Amino acid sequence: LYPDIIIDRGEKCIEVYDVKYKFFNTRYGIKREDLFQLHTYVSYLSNYYTILRCGIIYPQEDNDKKIENTNNILRHPKYENGIPLNVIFLNIPSDDENNYKGKMDESKDVFLKSFESYNFSNAKV
């Protein structure tokens, strides 16, 4: 009953992220069952921690048209204004690229900077 990533922000405050190993559906958005799964993690962990932010991380093929990271709100009865919900994308280089490791390292750096752009200080993956 634990998500893939929990970032401890100290003083019993955390961020909760679930990683998906399937591509984001640009037509329909987050699948209902994926959102329910994240909501279950948040509901359980909110019994012990203050949830500062949550999100889902999807892969995207590096050669596809880029999908921008998004902001939204996860409604939760304990949080009057909801919890910030982010959808974050990790670019995956194609297998046939000459320098796959180098491209993946670049992608990882861009991914970590996306956390910084959402004011995710000290994020480590």
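Predicted model: local features only at pLDDT ≥ 70, side-chain atom pairs only at ≥ 80, totals over all residues.
Local features here need pLDDT of at least 70 and side-chain atom pairs count only at pLDDT 80 or more, while totals for chains, interfaces and linings use all residues. Residues are numbered from 1 along each chain as its sequence is written, and side-chain values use heavy atoms, with hydrogens and water left out.

Let's start with the pairing itself. A salt bridge is a side-chain nitrogen of Lys or Arg within 4 Å of a carboxyl oxygen of Asp or Glu. The model has five salt bridges by this rule.

| Pair | Closest N to O |
|---|---|
| Lys20 and Asp18 | 2.7 Å |
| Lys20 and Asp34 | 3.6 Å |

Where do Asp34 and Lys22 lie? Asp34 is in helix H1 and Lys22 in the loop between S2 and H1, so their bridge ties together parts twelve residues apart in sequence. Lys20 also sits in that loop, between strand S2 (13-19) and helix H1 (32-45), and is 14 residues from Asp34. Helices (H or I, at least four residues) and strands (E, at least two) are DSSP runs, numbered from the N terminus.

Now for burial, where buried means under 20% relative accessible area, exposed over 50%, and partly exposed in between (1.4 Å probe, protein chains only). Asp18 is buried at 2%, Asp34 is buried at 4%, and Lys20 is buried at 8%. Lys22, at 32%, counts as partly exposed.
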